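Let's walk through this one together, question by question. Have the sequence and the 3D view open as we go.

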Amino acid sequence: GIINFCANNYLGLSSHPEVIRAAVEALEKFGAGLSSVRFICGTQSIHKDLEEKIARFHQREDAILYASCFDANAGIFEALLTPEDAVLSDELNHASIIDGIRLCKANKYRYKHMDMQDLEAKLQEAQKHRLRLVATDGAFSMDGDIAPLREICQLAQKYDALVFIDECHATGFLGPNGRGTDELLGVMDKVTIVNSTLGKALGGAAGGYTTGPKPLIDLLRQRSRPYLFSNSLPPAVVGCASKALDLLMESNAIAQSMAAKTQRFRSKMTAAGFTISGKDHPICPVMLGDARLASVMAEDMLNRGIYVIGFSYPVVPKGKARIRVQISAVHSDEDIDRCVDAFTEVGRKHGALR
C-alpha cells in the first residue's frame, strides 16, 4: 500500500518484465558472476556488446564499464590529468566527482554553482596550464537544476578546454530521446566526456560507465584503477541494462512521458503553496529549511502511504533541508495527486503551509 516517491527508478525499468527476463537469461547463460577483473577473464561478449550499445546511444566513439558511476568518477581524473593540467569543478558537484578530483594531481579550481562569470574568471586564471577540463553534473541531484551546458561549452571553446559531465540524473529521460542534458541543450558534439550510471533509469541495478573519444577509453582501460582492480559487472546486471537501452533506442515514448508527469507534480505543489527547487526535472525538492520539519513531515507522509525521505546537513547545506521527491514514469496521475494531497495535509499540520 506504499507508493515510492524517492527512488531513482525514473523510467520504471527496474520492474519492467522484459528487463527482468533479460537479467534471468544472462544469469542462466553466464552464471552469477565471473570471479575476475576485466583484463583477466572477466570480459564476456555481453560486456563488449553493452559498451558498444552505450557508445551508440550517446553517439560517442567508445565506452568502458565500471562497477558504479562512483568508480567511473574515481577513475577518470587521475588517469587523464597530470600536475601540468587543471580541472575546474562546480562547487555543488556530486561527492564522487569531488573525490575523483582529489585523487588526481592536477591544479584544482572550484567555481560558484552554475556561475558562468566565475567559471570564465577561473578559466582565464587556468590558461597557464597545459590542459583544462571543466567538470560538472549535467543535472544536480539535490536541487533538480540543470547545468547551463551551452554557456559552459562556449566558454570551453573560447579558452580551449574540454568538458566533462556526470549524467546519472539525466541519462534515459532528459532530451528528446533520453540521451541526457547534452541532447536536451543541443551540445552533444561539444561535450567531450560523459560519465553515467546503469543503476538509476537504465534498469536500476548497478554499474556505471565512461563514454567519449576512443583514445580516452583506451587510456582508461590501461590506467584507470577502479576498472583494473574491480570485478567485472555481473551478467544479470549487464543483461538488464542492455535490455533497458534496447527499449530506449526502440522508442522515446517512455522518456517523453516524464515531462507531463513532472509538470503535473510541480505545478500542483506550487499551487498548494510549496517551494519546489529546480526546473522541469523529475527531481522535485520540496524546500522546507528546517531539518526536524523535513524529518517529521516525511514520517507523516509514510503514515499516509507515501514514501519520501527528508534531506538535511551534511547532505545539503545548513538551512536548506528538504524532502526530495522523484517522479517516475510508473507513477499514475492518481499517484501524483495522492502525493500532493498528502503533502498538503501534512504541510498544514506542521505549519509548513499557511
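**Loops, domains and salt bridges**

P314 sits in the loop between β11 (310-311) and β12 (321-326). Keep in mind that this is a predicted model.

Q: What is the peptide bond from Y313 to P314, cis or trans?
A: Look at the loop between β11 and β12, where P314 is found. Omega for the bond from Y313 to P314 is near 10°, and the bond is cis.

Q: Where does the protein chain divide into domain 1 and domain 2?
A: Domain 2 covers 252-350 in this division. Domain 1 takes in 16-250.

Q: How many Å separate the centres of domain 1 and domain 2?
A: The two domains do touch: 17 residues of domain 1 are in contact with 18 residues of domain 2. Taken over C-alpha atoms, their centres are separated by 27 Å.

Q: How much area do domain 1 and domain 2 bury between them?
A: Carbon and sulfur atoms carry 58% of the buried area. The total that domain 1 and domain 2 bury between them is about 1300 Å².

Q: Which residue forms a salt bridge with D143?
A: Side chains of opposite charge can pair when their charged atoms come close. For D143, the closest N and O atoms of the pair are 3.0 Å apart, and the partner is R322.

Q: How many residue pairs are in polar contact across the interface of domain 1 and domain 2?
A: Salt bridges across this interface come to 1. For polar contacts, with both residues at pLDDT 80 or more, the count of residue pairs is 9. 

Q: Is M258 buried or exposed?
A: M258 belongs to helix α12 (residues 253-272). Leaving aside neighbours within four places in sequence, M258 is in contact with Y10, L11, F173, P282, I327, S328 and A329. Because its relative accessible area is 3% and the cut-off for burial is under 20%, M258 is buried.

Q: How far apart in space are M258 and K53, C-alpha to C-alpha?
A: In sequence, M258 and K53 are 205 residues apart. In space, C-alpha to C-alpha, the separation is 23 Å.

Q: Which residue has its backbone oxygen 2.9 Å from a polar atom of the S232 side chain?
A: S232 lies in the loop between α10 (225-228) and α11 (235-250), and at 10% relative accessibility S232 counts as buried. Not counting residues up to four places away in sequence, S232 touches L34, S36, V37, R38, G42 and H47. The backbone oxygen in question belongs to G42.

Q: Why does the salt bridge of R38 and E51 tie together parts of the chain, and how many residues apart are they?
A: The side chains of R38 and E51 meet at 2.9 Å, N to O. R38 lies in helix α2 (residues 38-42) and E51 in helix α3 (residues 45-58), so the pair ties together parts whose separation in sequence is 13 residues.

Q: What is the relative accessibility of E51?
A: R38, its salt-bridge partner, counts as buried at 5% relative accessibility. E51 counts as buried too, and its relative accessibility is 1%.

Q: Is K48 buried or partly exposed?
A: K48 also meets E51 in a salt bridge, at 3.5 Å, N to O. Both lie in helix α3, 3 residues apart, about one turn of the helix. With a relative accessible area of 41%, K48 is partly exposed.

Q: Are D118 and K122 buried or exposed?
A: The side chains of D118 and K122 meet in a salt bridge at 2.8 Å, N to O. They are 4 residues apart in helix α6 (residues 116-125), so about one helical turn separates them. Both D118 and K122 are buried.

Q: Which residues do salt bridges with shared partners join into one network?
A: By this rule the count of salt bridges comes to 22. Those that share partners join into one network R38, K48, E51 and R221.

Q: Is Q59 buried or exposed?
A: Q59 lies in the loop between α3 and β2 (62-66). Its phi is near 60°, a positive value in a residue other than glycine. Since its relative accessible area is 54%, and over 50% counts as exposed, Q59 is exposed.

Q: What is the phi of D280?
A: D280 sits in the loop between α12 and β9 (283-289) and counts as partly exposed at 48% relative accessibility. Although D280 is not a glycine, its phi is positive, at about 55°.

Notes
Residues numbered from 1 in each chain as written. Predicted model: local features only at pLDDT ≥ 70, side-chain atom pairs only at ≥ 80, totals over all residues. Heavy atoms only, no water. Domains from an automatic or database assignment. Contact = heavy atoms within 4.5 Å. Buried area = accessible area lost by both parts, 1.4 Å probe. Salt bridge = Lys/Arg side-chain N within 4 Å of Asp/Glu carboxyl O. Polar contact = N/O pair within 3.5 Å; in protein donor to acceptor, adjacent residues only side chain to side chain. Helix = DSSP H or I, 4+ residues; strand = E, 2+ residues; numbered from the N terminus. Buried < 20%, exposed > 50% of the residue type's maximum accessible area, 1.4 Å probe, protein only.
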